[in-house]
Amino acid sequence: MQRERIVARPDWRERVEQLGFDFHTIDGEAYWREDVCYRFSADQIDTLEDATAELHSLCLEAVERIVRDGRCAELGLDETATRLVERSWQTREPALYGRMDLAWDGSGEPRLLEYNADTPTALFEASVVQWHWLQDTHADADQFNSIHEKLIARWQQVSTNAQMHFAACYEQPEDRATCEYLRDTAAQAGIAGSALDIEDIGWSGRDFIDLDNRRIETLFKLYPWEWLLDEPFGANIPQAQLRWIEPPWKMLLSNKSILALLWEFFPGHPNLLPASHRRGDLSGNMVRKPRHGREGEGVIVVGAGISEAVADTPQVYQQLHQLPRFDDRYALIGSWIVGHEPAGIGMREDVDRITRNGSNFVPHYFVE
Amino acid sequence: MTRKLRKRSASVRLAFMGAAAVGIVSTPGCGEDVQRNSYASLADCVADYSEVQCREDRPLGSTYTGSHYYGPWYRSNYASRGVADDPGEGRALHASRSGLAATSTHGPSGVESGTRGGFGGHGVSARG
């Protein structure tokens, strides 16, 4: 695993914009960088793929145990959310995708930092933009990235309807791109999708409806479950006859409390880090994460001699595991699951050791 | 030994992204209510809308099993906004509100209300 300084394509901006990637620059700062890239060996990619499959298996087993043993309340779920989770898990409502954030320097075992199982983004750049970059710059090499073809295949298993709706905060460029990209892949799987802003969803008194007042039967929502349930229409969710993607049971995996439960269920597992709801259960430096934080929001490092501000929301503690540093950048591996299969990776890097919304996305390739 | 399998997609083709604009029709914003007219007969409904816009249904929140006919859902503030993709309040109500000659049918027997804008209150990116 190496970070390489390379020459960006002279027309990179036009090239990526032609694909519909219009947030390569965020708040005036580069988000997509292709003057650097990451190089892996084939064996290293195999290690990442195996670890991702293993972690996915552990996560499904964890969901099974939580539901079976009635432990949803430990993740902060109320009765309504618990019933939704239980029902969707017991009927095995299919999931589409997720992204595990892994810490790994190319040797030893990759470690799970968190699982973005409900509303993962950075999808379009991982699946499409870096694939085209590889075609243009390293056509003889390979890339751990079959996200696109796996998504198309997965849609045919996930949706029982030929007509779907896709909802997101369409004013947000990243959310719009993610949702539109998924709608595009669904279309290639033969599923017609209507896009609407999450605010435009209506409630008829019996069904959720779209802007044409048609009943929504299957909804992909790029909007977190904890927000849906917290908002006025949340009270209507239990009575709505609607297939949700991602399904409600993903609430358990997108919740940082899953890290503590994974460690309880599989203590010492080489792909996990010690984690707990109680700081006193861990020693040394650790990372404190809000239960529902996103993109590094609210994440702090705590430990001996480091003061800890009082949190007003539930927190999870995870043993500090430093991200590898290349040049002056900390590198994070986002490893994608589509359906039940590892599907590829996207690299993020930052000068700070906590990866955030604006952290650079950097393409990768691998060779024998 | 040759590599087992390629790990990249064989092709990455987009059906409509990049080349076409996003298919959002409009953004009415948060908190807009919707409603629909109920009719005693299909003929009354068709007189207000068209046959394809009328459906037989049960009243919301009722266990009553008899026939009612309903027009399409429309925005409650349709009259002031005149949104292009909205089916509107129907001919009879429009005539009554506008002071036009009354239609020859009975018009709606009632109006049922629904709502919009119950999601999206967080108003920020779901990026994660």
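Predicted model: local features only at pLDDT ≥ 70, side-chain atom pairs only at ≥ 80, totals over all residues.
**View 1. Confidence of the complex and of chain B.** The predictor assigns the complex an ipTM of 0.89 and a pTM of 0.85. For chain B the average pLDDT is 75, and 63% of the residues score at least 70. Within chain B, helix α1 (residues 42-48) has the highest confidence, at 93, and helix α2 (residues 78-81) the lowest, at a mean of 65. The pLDDT falls below 50 over residues 20-31 of chain B. In the model this stretch has 23 contacts beyond near neighbours in sequence.

View 2. Three helices and five strands make up the secondary structure elements of chain B. Their order from the N terminus is β-α-β-β-β-α-α-β. Chain B has 128 residues, of which 29% count as buried. Among the contacts in chain B with a separation of 6 or more, 60% link residues 24 or more positions apart.

**View 3. The interface of chain B with chain A.** Contacts between the chains involve 41 residues of chain B and 58 residues of chain A. On the chain B side, strand β5 (residues 110-116) supplies the largest share, four residues. By residue class, the side of chain B that touches chain A holds 17 nonpolar, 16 polar and eight charged residues.

View 4. One end of a bridge is A:Gly202, whose partner in β5(B) is B:Arg116. β5(B) is also the element named above for the largest share of the side of chain B that touches chain A.

**View 5. A parallel sheet in chain A.** This open sheet of chain A has four strands in the order β8-β7-β11-β12, with parallel pairing. The edges are β8 (192-197) and β12 (243-245) of chain A; each has a single partner strand, so one side of each lacks a neighbour in the sheet. Neighbouring strands of the sheet are turned by 25° against each other on average, direction ignored. Six bridges connect strand β7 (residues 163-168) of chain A with β8(A) in the parallel sense. Opposite A:Ala195 of β8(A) stands A:Phe166.

**View 6. Helix α6 of chain A.** The helix covers residues 173-188 of chain A, 16 residues in total. From first C-alpha to last, α6(A) reaches 22 Å, close to the 22 Å expected at 1.5 Å a residue. Of the 16 residues of α6(A), 13 are buried, and the helix is mostly covered.

**View 7. An antiparallel sheet in chain A.** Four strands of chain A, in the order β13-β16-β14-β15, form an open sheet with antiparallel pairing. At its edges stand β13 (275-276) and β15 (300-302) of chain A, each with a single partner strand, so one side of each is left without a neighbour in the sheet. Two bridges pair β13(A) with strand β16 (residues 315-319) of chain A in the antiparallel sense. A:Ala275 has A:Gln318 in β16(A) as its bridge partner.

**View 8. Surroundings of A:Glu4.** A:Glu4 belongs to strand β1 (residues 2-5) of chain A. This residue counts as partly exposed because A:Glu4 has 13 C-beta neighbours inside 10 Å. Apart from neighbours within four places in sequence, A:Glu4 is in contact with A:Val36, A:Cys37 and A:Arg39. A:His364 is 360 residues away from A:Glu4 in sequence, with 9.6 Å between their C-alpha atoms.

**View 9. Surroundings of A:Ala8.** The loop between β1 and α1 (12-18) of chain A contains A:Ala8. A:Ala8 has 16 C-beta neighbours inside 10 Å and therefore counts as partly exposed. Not counting residues up to four places away in sequence, A:Ala8 touches A:Glu34 and A:Asp35. The C-alpha atoms of A:Ala8 and A:Phe144 are 20 Å apart, and the two residues are separated by 136 residues in sequence.

Terms used. Residues numbered from 1 in each chain as written. Chains lettered and ligands numbered in written order. Expected span 1.5 Å × (residues − 1). Buried ≥ 20, exposed ≤ 12 C-beta atoms within 10 Å, placed from the backbone. Contact = placed C-beta atoms within 7 Å. Nonpolar A, V, L, I, M, F, W, Y, C, P; charged D, E, K, R; others polar. Pairing = 2+ DSSP bridges. Axes fitted to C-alpha atoms, helices over the stretch in contact; angles between N-to-C directions. pLDDT = per-residue confidence, 0-100.
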